[in-house]
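Please look over the sequence and the model shown here before reading the briefing that follows.

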Amino acid sequence: MGDVLDLLDTPGQAVIITPSGQDRDVQFERVCEMYPDAKVEMDEAGNIIVTSGNSEDSGYRSGEAFYQLANWARKDGTGRAFDSSTNFNLPSGAKRSPDAAWVPRETLQKEGKATRSIAKTRHVPTFLIKVTSPSDSLNQQQEKCRNWIESGVSEAILLHPETKTAYISRPGEMVTVPAATTIRSAVLKGFEIDCGPIWEEL
């Protein structure tokens, strides 16, 4: 296991540095097994970021985003919705977990079951939603959305409950929607996010 560094400016988060020469995917899977209740991601440099579980507010908002996407996906039938426990591999080597994501059935069928593991899944979602938590840096989350788009995601919607603002990233643009009430996807036909429940505090 690599060295652990606490990120002092990010409460509830720690970074495990993968030693040089070690298999990053193996290290990542080991950390996921060690911390089954935590959110585990990896950056482009191979550093593994472990974040403690969500607060009730964050868990509710993340769950609401997935609930809305999953309901639409079930009715639409052309793809599958995935929750925040799902890791996706970016071409850069990073492994990220949006709060809600959608992948076409065609992509899943082409890839096949044998490659669908934490380390081996090579597709990125077509569409994703990220809801910021109080400990998140808005600038960092916006940069992550830009990275998602650069990696092949068609649309990434970042919801910021603190200011009730939505940031919609697509290739070549990021649109800011202040006081957002409903966000209509330009990629998923007929899907709209009702922001009201996500802005709501417990």
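How much space lies in the second largest pocket? About 170 Å³ lies there, a pocket being an open set of points on a 1 Å grid over the protein atoms alone, where a 1.4 Å probe fits, with protein on both sides within 12 Å along at least five of seven lines. This is a predicted model, in which local features need pLDDT of at least 70 and side-chain atom pairs count only at pLDDT 80 or more, while totals for chains, interfaces and linings use all residues. Residues are numbered from 1 along each chain as its sequence is written, and side-chain values use heavy atoms, with hydrogens and water left out.

**Pocket lining**
- The lining of the second largest pocket, meaning residues with an atom within 4 Å of a point, includes Asp57, Arg61, His160, Lys164, Trp199 and Glu201.
- By class, the lining residues divide into three nonpolar, three polar and five charged.

**Strand S4 and its partners**
- In strand S4 (residues 48-51), Ile48 and Val50 on one side and Ile49 and Thr51 on the other are all buried, that is, under 20% relative accessible area with a 1.4 Å probe, protein chains only.
- Strand S2 (residues 13-17) pairs with S4 in the antiparallel sense over four bridges, pairing requiring at least two DSSP bridges, and Val15 has Ile49 as its bridge partner.
- Strand S3 (residues 39-42) also runs antiparallel to S4, joined by four bridges, with Met42 opposite Ile48.
- Five residues lie between the strands of the S3 and S4 hairpin, where Gly46 takes a positive phi near 95°.

**Helix H4**
- The buried residues of helix H4 (residues 138-150) include Cys145, Trp148 and Ile149.
- Just after H4, Gly152 takes a positive phi of about 120°.

Technical notes: Helix = DSSP H or I, 4+ residues; strand = E, 2+ residues; numbered from the N terminus. Expected span 1.5 Å × (residues − 1). Buried < 20%, exposed > 50% of the residue type's maximum accessible area, 1.4 Å probe, protein only. Points joined across faces, edges and corners; volume = space filled by probe spheres on them. Nonpolar A, V, L, I, M, F, W, Y, C, P; charged D, E, K, R; others polar.
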